Amino acid sequence: MPLLPSDAVPAIKDLLASGGQSFSFEFMPPKTAAEEQRLWLSIRQLEPLLPTFVSVTYGAGGSTRDRTVRVTGRIAEETTLTPVGHFTAVNHSVAELRHVIGSYAAVGVRNVLALRGDPPGDPGGEWVQHPRGLRYAAELVRLVKASGDFCVGVAAFPEGHARSASRDSDISYFIQKCQAGADFAITQLFFYPDDYLRLRDDVAARGCDVPIIAGIMPITNLAMIKNIVLLSGARFPPQLADQLAEHGTDKAAMRKIGVEYAAGMCERLLAEGVPGLHFYTLNGSRATKEIYQLLGLADRRRHDHAPGADALSSVSSAGAAQAPGISRSGSTAPMTA
Ligand SMILES: Cc1cc2nc3c(=O)[nH]c(=O)nc-3n(C[C@H](O)[C@H](O)[C@H](O)COP(=O)(O)OP(=O)(O)OC[C@H]3O[C@@H](n4cnc5c(N)ncnc54)[C@H](O)[C@@H]3O)c2cc1C
């Protein structure tokens, strides 16, 4: 029997289609009471920035299934935010996947991000399909779409997915996910805006108009390069690595460099007409708030939420180009490939 998430909950595809550019934040489910406190502090601090939606990740191997659904449901119930629940096919039978989808519907979550996921433990290890499970995200998209009135997002990879035979085949498989019913996509983190723009243009050239939201991760210290950038496989600008290393003992200076670089990327992407920016917050709020401040985004979001304004931000390229202190500083403007 199809599941019926409440149609009172806005679908991300409708928010994206209403014009303007979307702004969203990604959180991770907490493992401890202290992490839970930090997460809720961040959510409450970022809520006034009026994001279009917020998303909650799903642990490798389905390890955070219950926590992800619980946090996502609590966001739906206790905040003004529209949550998107991630979930993956790893270690799940189709029956279990149906159960996860049903759990989302039960807690009022209509928007989900359908992912294949990586093998738990070693993300680069061999992908093993559950004997009664699914192999690729496209199948998961079909399963969710057949389950009810869900709005489904998928992952996109500006530099191509690490396991794909070629960038070209990766784009073909991405388009298959869209043909399976995906309504929107969010990219893996990246540091060269041109990589994102190439992906967007190549996908559009093949006749696919699914909006691809750009995933933004401000890198504010050297450890993040090792822990996050290397894990994701994303190319990292050597000049930015050098700049961060030069200030390796000065936390404030490193933060400023990382935030300004990310803000410069956002400025360029907004000017290029990106449908949205998705900030990987790592459950903190500071870097995202600083980028908002540098680009004057908070004022624009408030303006867009004023009566009579579009649901999403209508940042114009002219407006973005006027953002204070980003490209004018020169040293922190994003480098192109
Ligand atoms: C925005 C975002 C959020 C994420 N959130 C999470 C999360 O919450 N939890 C988590 O565990 N992981 C998460 N991930 C990571 C993601 O699960 C991994 O990157 C995973 O390896 C790829 O997932 P996918 O959904 O893109 O897989 P798929 O689209 O299935 O692609 C996987 C690989 O198979 C290839 N492929 C696809 N279809 C076919 C086919 N028919 N035949 C042959 N090859 C094919 C693709 O080119 C690619 O190389 C996220 C990634 C992104 C970008």
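Helices, as DSSP runs of H or I with at least four residues, and strands, as runs of E with at least two, are numbered from the N terminus.

**Figure 1. Overall composition of the predicted model.** The structure shown is a predicted model. The chain comprises 13 helices and eight strands. Of its 337 residues, 44% are buried. Among contacts with a sequence separation of 6 or more, 82% join residues 24 or more positions apart.

Figure 2. Leu39, Ser42, Ile43 and Leu46 are the buried residues of helix 2. They lie on the same side of helix 2, because the arc they cover around the axis is only 100 degrees. Ala33, Ala34, Gln37 and Arg44, on the other side of helix 2, are exposed. The packing partners of the buried residues of helix 2 are strand 1 (22-27), helix 3 (65-78) and helix 11 (286-295).

**Figure 3. Close-up of helix 11 and its surroundings.** The buried residues in helix 11 are Ala287, Thr288, Lys289, Ile291, Tyr292 and Leu295. Their cover includes strand 1, helix 2, helix 10, strand 8 and helix 12. After helix 11 comes glycine 296, with a positive phi near 65 degrees. The loop between strand 8 (276-280) and helix 11 contains asparagine 283. Asparagine 283, a residue other than glycine, has a positive phi, near 65 degrees. In general, most residues other than glycine have a negative phi. Asparagine 283 counts as partly exposed because it has 19 C-beta neighbours inside 10 Å, whereas a buried residue needs 20 or more.

Figure 4. Asparagine 91 is located in the loop between strand 3 and helix 4 (94-106). Its phi is positive, near 60 degrees, in a residue other than glycine. Asparagine 91 counts as partly exposed because 18 C-beta neighbours lie inside 10 Å. Glycine 117 belongs to the loop between strand 4 and helix 5. Glycine 117 is buried, because 22 other C-beta atoms are within 10 Å. Neighbours within four places in sequence aside, Ala60, Thr88, Ala89 and Val90 are in contact with glycine 117. Between glycine 117 and alanine 89 the C-alpha to C-alpha distance is 6.3 Å, although they are 28 residues apart in sequence.

**Figure 5. Close-up of the largest nonpolar core.** In soluble globular proteins, nonpolar side chains tend to be buried together. The largest nonpolar core here has 85 residues, and those that touch the most other members are Val112, Ala114, Val141, Ala185 and Cys266. Helix 10 (residues 251-271) gives the largest share of this core, ten residues. Not counting residues up to four places away in sequence, cysteine 266 touches Ile216, Leu277, Ile291 and Leu295.

**Figure 6. Close-up of asparagine 221.** Asparagine 221 sits in the loop between strand 7 (212-216) and helix 8 (222-232). With 16 C-beta neighbours inside 10 Å, asparagine 221 is therefore partly exposed. When its neighbours within four places in sequence are left aside, asparagine 221 is in contact with Lys251 and Met254. Asparagine 221 and aspartate 250 are 9.4 Å apart in space, C-alpha to C-alpha, and 29 residues apart in sequence.

Figure 7. Aspartate 304 is part of helix 12 (residues 297-304). With 20 other C-beta atoms within 10 Å, aspartate 304 is buried. Leucine 50 and aspartate 304 are separated by 254 residues in sequence and by 9.6 Å in space, C-alpha to C-alpha.

Key:
Residues are numbered from 1 along each chain as its sequence is written. This is a predicted model: local features need pLDDT of at least 70, side-chain atom pairs count only at pLDDT 80 or more; totals for chains, interfaces and linings use all residues. A residue is buried if 20 or more other C-beta atoms lie within 10 Å of its own, exposed if 12 or fewer, and partly exposed in between; C-beta atoms are placed from the backbone. The arc is that of the directions from the helix axis to the C-beta atoms. Two residues are in contact if their C-beta atoms, placed from the backbone, lie within 7 Å. A nonpolar core is a set of buried Ala, Val, Leu, Ile, Met, Phe, Trp, Tyr and Cys residues joined through C-beta atoms within 7 Å.
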